[in-house]
Structures are given as structure tokens and as C-alpha cells.
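Here are my notes on the fold, for you to read alongside the model.

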Amino acid sequence: MGRVQDKVVFITGAARGQGRAHAVRLAEEGADIIAVDICADIDTNAYPLATQADLDETVRLVEKLGRRAVARVADVRDPAALKNAVADGVAELGKLDAVVAQAGIAPLGPQQGIAAFLDAVTVDFNGVVHAVEAAMPHLPDGASIIATGSIAALIPASVDNPSNGPGGLGYSFAKRSVAAFVHDLATVLTSRKIRVNAIHPTNVNTDMLNSDIMYRSFRPDLENPTREDALVSFPATTGFGNPYVEPEDIAEMVLFLVSEESRYVTGMQMRVDAGGYVKKRQQQPAF
């Protein structure tokens, strides 16, 4: 216990799924949380997004662990809203030690137009940049910045196939851009010993995965696939044969990257993918 004792961590997309798992795991180890979520739907995204009740539940779970939480409704596409949310959190909690840019959507579907591409990019990439921009004035030397990418950023033929529509390509573009952003930002911040890392999950057992639009992505051969239909295809994204990992599996990597255990770890593309990358991108050893 206490691996991140009294640290303050800003998390976007904190109302449910991975974001909530990160908030709870960090609180278990002594952190206080600034939690942000849009708490509204986005038209091009076919599955419902988190609600105010979801965000309230994240706060309840953090406070149940004896830690403090400041929650704000804010859209990561809105830089001013994020800056205000972080400023409110720092005013109440006293400081900021880390940021986890987690918020993301997957606006898949061939019926979606260019708006889906742009929404995927502005949430999944611009939202990461905006979160970092909001946090930077408050981060001390030695802080930690973590961005959520995706195994889709690193392997071909995942979500960026034509059947997923413009939003699929936008998602893949955004996640590839997150990987590049993390690498170069880590370079920029070495003089301040601020470490910057990305986490690239495989399928994660969240509402994004458990949605009709994702079932159709994995089973395009069926008109109305169910979760049971899609389950047989989910393991295609892992090497271990499991259909997905749990949000808590990703939260363990977040905890490591926030903690001082990772004080010399920066610029990394941390894959929590059950072997999905090495399965798809086998490389010959260098001699």
C-alpha cells in the first residue's frame, strides 16, 4: 500500500471503464484524483457514453477508500474546460503530480461520414494534447504523463478497414499520433525529468468493446451479431488466446507509471496486449 501516497492525479474519461479503474487503483495506493468526463453522448459514436451518475460513482469509490476526488464535467475537445477543471482540482487538492489522458471513443460504422473521422481524431488525439496542455503549468519536475493509445496504433488491419467507415481510420490515425506525440514529448521534457509514456491495450472489457458496433466490427459476416458471436473473434487481437483484458489490468500499468518505481522510464510504448503485437508484427532478431 501507499505506492503513490498523497500524489494528485488528473484523469480524463474517469467516469467508467478504464478511467474509473485507474482512479480506484491509484486511490487504493494513496492518491487523490481530479476526475473529468464529458457525461454526454457524441452523435457519431454509436454506443452511449458515460453519465453524470457514472462520474458520481467514481467519486464515491475513491472517497470510500479514504481519498479525495474533485470531479468536473468537461469535454476533452475543449481546452478551456480542461484548464478550468485542472485549476479547480489543484486549488482544492493543493498540487498535481501526474496526468492520465484516458478519454476515448470509437465511432465505427460504414454509415458514418467525415464527422466520425474528425470526432475520433479530436477526442482520441486532440483530447490527449489538451489534457497535457491543461496539466503542464501545474506539473513539477519529475512528474508523470500517461496517454492511452491502442494496439490498433501498432498493427495493421485492426479497426482501420473500410467496413468500419471513416471513424475507424480516424481512430487508428489518432492512436498512431498518440504514440508519436508521446515519443517526442518525452524528448522535450527530459531536462525536467518529466516522464511521458503511452499504454497500448488490446481489447479491454469495457462498454466500448461490449457494444453492437464493435460486435459488427469483429463479425462483419453477420448482419446483427451478438456478444456471443463476437467472442469467438475477440482473441484475434491477442497472442495468449484470451478475448480481452480487464480495465484493472491496464490500471496496474498506470499505477507503475505514476509511481516512483518508473522514475527512469520515459518515451515508452507500453503494450498491455496479451501478446497481440508480437503475434501480428513478428520481427527478426538483429545480429
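How are α1 and α2 oriented to each other? This is a predicted model, where local features need pLDDT of at least 70, side-chain atom pairs count only at pLDDT 80 or more, and totals for chains, interfaces and linings use all residues. Residues are numbered from 1 along each chain as its sequence is written, and side-chain values use heavy atoms, with hydrogens and water left out.

1. α1 and α2 are roughly parallel to each other (angles under 35 degrees count as such). Helix α1 (residues 17–28) packs with helix α2 (residues 52–64) at about 15°, their axes 9 Å apart. Axes are lines fitted to C-alpha atoms, for helices over the stretch in contact, and angles run from 0 to 180 degrees between N-to-C directions. Helices (H or I, at least four residues) and strands (E, at least two) are DSSP runs, numbered from the N terminus.

2. Arg 20, Ala 23, Val 24 and Ala 27 of α1 meet Asp 54, Glu 57, Thr 58, Leu 61 and Val 62 of α2 (contact means heavy atoms within 4.5 Å).

3. Now the sheet. Seven strands form an open sheet with parallel pairing, in the order β3-β2-β1-β4-β5-β6-β7 (strands pair if DSSP finds at least two bridges between them). β3 (69–73) and β7 (269–272) are at the edges with a single partner strand each, so one side of each has no neighbour in the sheet. From one strand to the next, the twist averages 15°.

4. β4 (residues 98–101) pairs with β5 (residues 144–148) over four bridges, in the parallel sense. Val 99 sits opposite Ile 145 in β5.

5. α1 also lies across β1 (8–12), β2 (32–37), β4, β5 and β6 (195–201), at about 170° to β1.

Definitions and conventions: Angles under 35 degrees count as roughly parallel, over 145 as roughly antiparallel, 65 to 115 as roughly perpendicular and the rest as oblique.
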